[in-house]
Structure formats: structure tokens, C-alpha cells
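Student: I am new to this structure and would like to learn how to read it feature by feature. Could you take me through it slowly, giving the general idea before each case?

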Amino acid sequence: MRSACLALALLLSASAGAARAQTTAAGDVGVSASVDGVCRLGPPSRPSVDLGEMAVRSGMRVGRLAALPEATVTLPGSYCNFGGTMVTLRGEALVQSDSSELPDGMARAVNYTATVRTWAEQPPLITTAADADGDSPAAEDSGGTEPAAKLTDLTVAFSGFSVPSDARLVAGTYQGVVTITLGPAVTAPAQGE
Amino acid sequence: MKSVRFGLAALVAAGSGAAFAQSDTATSGPYMVTGTVPVLCTAGTLSDDNGVFAVGVLVDLSTGLLRNDLSAPPKILQGSFCTSRSTITIEASPLVAQASPQTPPEGFSNTVHFTATAEGWTPAPAVFTTGSATNPNAVQTRETGFTGDIVVSIGSFTTDGGASLRLVEDPLYQGAVVVTLAAAD
């Protein structure tokens, strides 16, 4: 064992001697990485918006739309990690899905105004315009462009509820859907352009 | 030179961040927005005065028998509505001499029957005849919600006990008509 260790020590010594014999040299090694653009919408503060009973039960406006307060849903921690983004809001009026013929003087649709706050300076704003029979319930709008990356709690607000011609509402369950999209304000050019 | 090339590569990666983001749009929803409208019915309001069918003098003054030309303007229940399937029911009680309710003398009657009708709500009017053993058309059903006017009228007056009976004198013969709207299951 002793003779083997001696041989190894000599070898290391010879190697170090060779290094000292060269001139000094420096090299730069780049380190690169990328971060993809990401937009995320936080989990909604409630899974749906239930406006409850919408008709007046007594008095002069019995059977017509009650004065409904503003309803909101929060999407906490929504963000985009790059600038040039916008929020798009698509909503459909609340419609009662009965397929029977609509009686004269009555309606089966409740329209509303909706917006999404706290993204760009100009928020998206929609007002649905379904007719009394519930046709053409959808509306869509995009807000302004947010120039920088942003992290915020988005608030979707519903207000200004109305019924075509302020008609009396047919009894039943009314339902609409709302979709919020957060992404780049400019559409990508087609490949090859 | 090598380090410069790396630097360019990093710059391209940063610049393409926006391009990547275009395929990374976040969508939330669709969320349901819901509400309900309960089943409601209201019979509306009467079109005029105090809601009394003023029939006038009931008898032919020369014979003492019931006049055969009695009539009264119809009443209109304005703004009646139900938000769902509904039934309309009409009921009536005959005109009875208020000061002489007891059994009248032979050859006389103190009661006048009539037919009450409610039209405008259902395809077939609701009809009720006082003194009739049955009134199968007194209840009518409408399959959908409705808003409109209900016209209530009375007619077809007859003397209880027969047309040959004369009516006892009384300053007030009084009956009633009741129209009921109700949500139907």
C-alpha cells in the first residue's frame, strides 16, 4: 500500500507543474433562460351569481322586475406577467327557457349591464339586449389595454337589471352565463407573415 | 464573440414573451347567473265605480213579473295577470230581497237567478248560473301565464220558482259575483 500512495503523489505534482507553465486565459459563459407570457384568472369568490327572487310580489309593480342591487364576483390574484393585455367580457341575459308561446304583455328575459373592474383604465362594459322572448341574449366587449404586467383582484359587477318594455315576468327559473377572458390585446399574426 | 451571441439569444427570448402569451389566454367561466320569478296572480282592479251591477227595477210594473229585458253594463278587471298556468273560477249568489228573506207568499218569489260570465282569460269563458244544480264551466284553466283584462257580465235573469211568480216588493235585491284567479299546478 505504501508504494502505491507514493506514486499517486508524484503524479499530481507533475500535473500542477504543467499548469503553472501556461499563460492566463479568461472565457465568458452566457447563462440564458426565458419566462413565457402567462395570464391567469383567480378562482371566483362564488361559483355562480344567484339574484334570488326577481319579481315584485305586491303593490303597483306586482309581477314586474324588482329593484335588484348590484351583484359582484371577485377573481382574486388575477394577473398577466407581460404588458399589452386586456379583459374581454361576454354575457348572456337571464332567460327562462320555456319554449311555450310567450303571452302578450309578458317577458321571459332579464337584461343587465356588466363590467370587469381594476384591469385597464377602460373596463369592458356590456349591456345585454335580449327581447321579451329571450332571443339575442349575448353581448361582448373588450376593455382597454393594460400596458404593464399586473396582478390584481378582478371584480365582475352586474347591475342595471331590466326587462323589455318593463313587462311582467313569466314564472320560472332564469339563467344566463358570463365568461371572462384575460389575454393579449393584439392577436398574433398568422404564421409565415 | 461567444458571449455576445449568448446575449442576443437572451434578448430574443425576452422579446418573444408576448408572442408566447398570445397562446396563453386565461378564461374564467362560464359562470351561471340565475334568478327566479315566483308564480303570482292578481285579479286586477275594477274598471269603474263601486263594483256594483246596477240592474235597476226588476219587475214589469204593469204585471209584477220579472222583466225580460234586464241588463247591466259589464265590469272589467283591468291588469289581471298570472305569471304561470292558472285557473279562473267564477261563483255567484242570486239576487235576494234583503228585507224579505223569509219564504214568500204563494205566487210570489223573493229570489232572482242569473248567469255570470268571466271572459277574456281563457278560450272558453267561465260561467256560473245561480240556482243551477251544477256549473261545470265555472272553472277554466289557462295553460300559460297571461296578462290582460277580464270582462265580467251578468244576464239571463230568471225568477226562482218559475217565471209565473211575481216578485215581492223590496227596496234592495242583492247578490254577488266572485271571480278568483289562482295559479294551477
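Tutor: Helices (H or I, at least four residues) and strands (E, at least two) are DSSP runs, numbered from the N terminus. Please keep in mind that this is a predicted model, in which local features need pLDDT of at least 70 and side-chain atom pairs count only at pLDDT 80 or more, while totals for chains, interfaces and linings use all residues. Residues are numbered from 1 along each chain as its sequence is written, and chains are lettered from A and ligands numbered from 1 in the order in which they are written.

Student: Which strands pair with strand 4 of chain A?

Tutor: Two strands pair if DSSP finds at least two bridges between them. Strand 4 of chain A runs antiparallel to strand 12 of chain A, joined by 7 bridges, and A:Met86 has A:Gly183 as its bridge partner there. Strand 4 of chain A also pairs with strand 9 (residues 138-142) of chain A, again antiparallel, over 5 bridges, with A:Gly91 opposite A:Ala139.

Student: How many residues does each chain give to the contact between them?

Tutor: Two residues are in contact if their C-beta atoms, placed from the backbone, lie within 7 Å. Chain A contributes 54 residues and chain B contributes 40 residues. On the side of chain A that touches chain B, the largest share, 13 residues, belongs to strand 12 of chain A. By class, that side of chain A holds 28 nonpolar, 18 polar and 8 charged residues, where Ala, Val, Leu, Ile, Met, Phe, Trp, Tyr, Cys and Pro count as nonpolar, Asp, Glu, Lys and Arg as charged, and the others, Gly among them, as polar. Strand 12 of chain A also pairs with strand 1 (residues 26-37) of chain B, antiparallel over 10 bridges, and A:Val178 stands opposite B:Tyr31.

Student: What does the largest nonpolar core contain?

Tutor: In soluble globular proteins, nonpolar side chains tend to be buried together. A nonpolar core here is a set of buried Ala, Val, Leu, Ile, Met, Phe, Trp, Tyr and Cys residues joined through C-beta atoms within 7 Å. The largest one has 73 residues, and those with the most contacts inside it are A:Val110, A:Leu169, B:Ile90 and B:Val179. Leaving aside residues up to four places away in sequence, B:Val179 touches several residues, including B:Ala43, B:Leu77 and B:Ile90.

Note on methods: Buried ≥ 20, exposed ≤ 12 C-beta atoms within 10 Å, placed from the backbone.
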